[in-house]
Amino acid sequence: MLFQQIKINSLDDLLRCISLSSLLEVSGWPKPGNVHRTKNFLTTRYEHFLAGIAAIQPDFYDFCKLIYQNVSKNNLNFKFIGLGQLFQKASMSMMEWQNGGNVILGHILILAPLAAATVLCIKEKKKSFIDFKYYLNKIIEDGTVKDTILLYKAIKRCNPGGLGKGREYDITDKKSINNIQRDGISLKQIFDISKHYDLISNEYSSGFRITLDIGLPFFIDTFRKYNDINIAVVNTYLKLLSEYNDTLVIRKSGEDAALKLKNCARAIIQNGGITTIKGLKKTNQLDLNLQKEEGKLNPGTTADILTGIIFCALIFGLRF
């Protein structure tokens, strides 16, 4: 791991990292299948993402400020953090400030515990990578039943397809919230249940393994090699696609489509990603092919995880 210490010291700098990570993710191009700065979907435009990103920043600032004010050295329980409240408030802001539908609920879910862990590192002056991972895991472990219920309400408000139809605590089942309350299902438990069919859930369940152990080192190494932030963003996205079946693609188009996409991304990475003429040509062709399906082959979950990777690179000192 090349970056070992968190380099920011204030909530203002933390908010800059939160907003910039989302902006860089959505602006990266050509990220095959996504809305990006040169490609819109039929009803969702690049500008909708920008509006959603701007809209959630006050909610994240309030969230981080409350953590900073309420945490103490004697506080070993992080139930007070309230991830669910942020999910609900930020998703409402995101939906109210643009008309392109659910654009960044995944960003909110990925960034929330990462931002909270960073606040604790800043407040307690414990800024090592090990400290950051400890706080991140403890925050997730201490998530409450209320957090789970508010997560479900946020998902229902955004209507992105949920955590999987026809499964335990199905998001589309009107009884699901009552069942969660009845069974006392904590945030960690609900993500453990859904980890096999949702990559964001898998991140919560595994302590953000893909983000921290796979994506972050690759992103930093790529940036240091090419000194180009867009190359780092797009090649990391392609790297993730080459390793993991995107679960949004699976939900919309099936496992075969996701596997085909993974194989295409693997071929691009083997050809140097967008740093070579051949790799860039293949990337543009893949983007063209995916865009023809009008969002059905949009690897949106991979893009969400990429946002967390960029955020971590920024708090650990990457500048461009």
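Predicted model: local features only at pLDDT ≥ 70, side-chain atom pairs only at ≥ 80, totals over all residues.

Student: Let's start with Thr148. Which helix is it in?

Tutor: Thr148 sits in helix 6, which covers residues 145-158.

Student: Buried or exposed?

Tutor: Thr148 has 0% relative accessibility, so it counts as buried.

Student: And what does the side chain of Thr148 reach?

Tutor: The backbone oxygen of Ile185, at 2.9 Å.

Student: Which residues is Thr148 in contact with, leaving aside neighbours within four places in sequence?

Tutor: Ile185 again, plus Ile180, Ser186, Leu187 and Ile190.

Student: OK, switching to helix packing. How do helix 11 and helix 15 cross?

Tutor: Helix 11 is residues 229-243 and helix 15 is residues 300-315; their axes come within 10 Å and cross at roughly 130 degrees.

Student: Why call that oblique?

Tutor: Roughly antiparallel would need an angle over 145 degrees and roughly perpendicular runs from 65 to 115, so at roughly 130 degrees helix 11 and helix 15 are oblique to each other.

Student: Left-handed or right-handed?

Tutor: The crossing of helix 11 and helix 15 is right-handed.

Student: Which residues make the contact?

Tutor: From helix 11 you have Val233, Thr236, Tyr237, Leu240 and Leu241. Helix 15 brings Thr302, Ala303, Ile305, Leu306, Ile309 and Ile310.

Student: How many of those are nonpolar, polar or charged?

Tutor: The contact of helix 11 with helix 15 has 9 nonpolar residues, 2 polar ones and no charged ones.

Student: Now the backbone. What kind of peptide bond joins Trp29 and Pro30?

Tutor: A cis one, with omega at about -5 degrees. Pro30 is in the loop between helix 1 (11-27) and helix 2 (46-70).

Student: And what about phi at Tyr169?

Tutor: Phi of Tyr169 is positive, about 55 degrees, although Tyr169 is not a glycine. Glu294 isn't a glycine either, and its phi is also positive at about 55 degrees.

Student: Why pick those out?

Tutor: Because most residues other than glycine have a negative phi, and likewise most peptide bonds are trans.

Student: Where are Tyr169 and Glu294?

Tutor: Tyr169 lies in the loop between helix 6 and helix 7 (176-183). Glu294 is in the loop between helix 14 (277-291) and helix 15.

Student: And are they buried or exposed?

Tutor: Tyr169 counts as buried because its relative accessibility is 12%, whereas Glu294 is exposed, with a relative accessible area of 63%.

How values were computed: Residues numbered from 1 in each chain as written. Heavy atoms only, no water. Helix = DSSP H or I, 4+ residues; strand = E, 2+ residues; numbered from the N terminus. Buried < 20%, exposed > 50% of the residue type's maximum accessible area, 1.4 Å probe, protein only. Polar contact = N/O pair within 3.5 Å; in protein donor to acceptor, adjacent residues only side chain to side chain. Contact = heavy atoms within 4.5 Å. Axes fitted to C-alpha atoms, helices over the stretch in contact; angles between N-to-C directions. Parallel < 35°, antiparallel > 145°, perpendicular 65-115°, else oblique. Left-handed = near helix turned anticlockwise from the far one by under 90°. Nonpolar A, V, L, I, M, F, W, Y, C, P; charged D, E, K, R; others polar.
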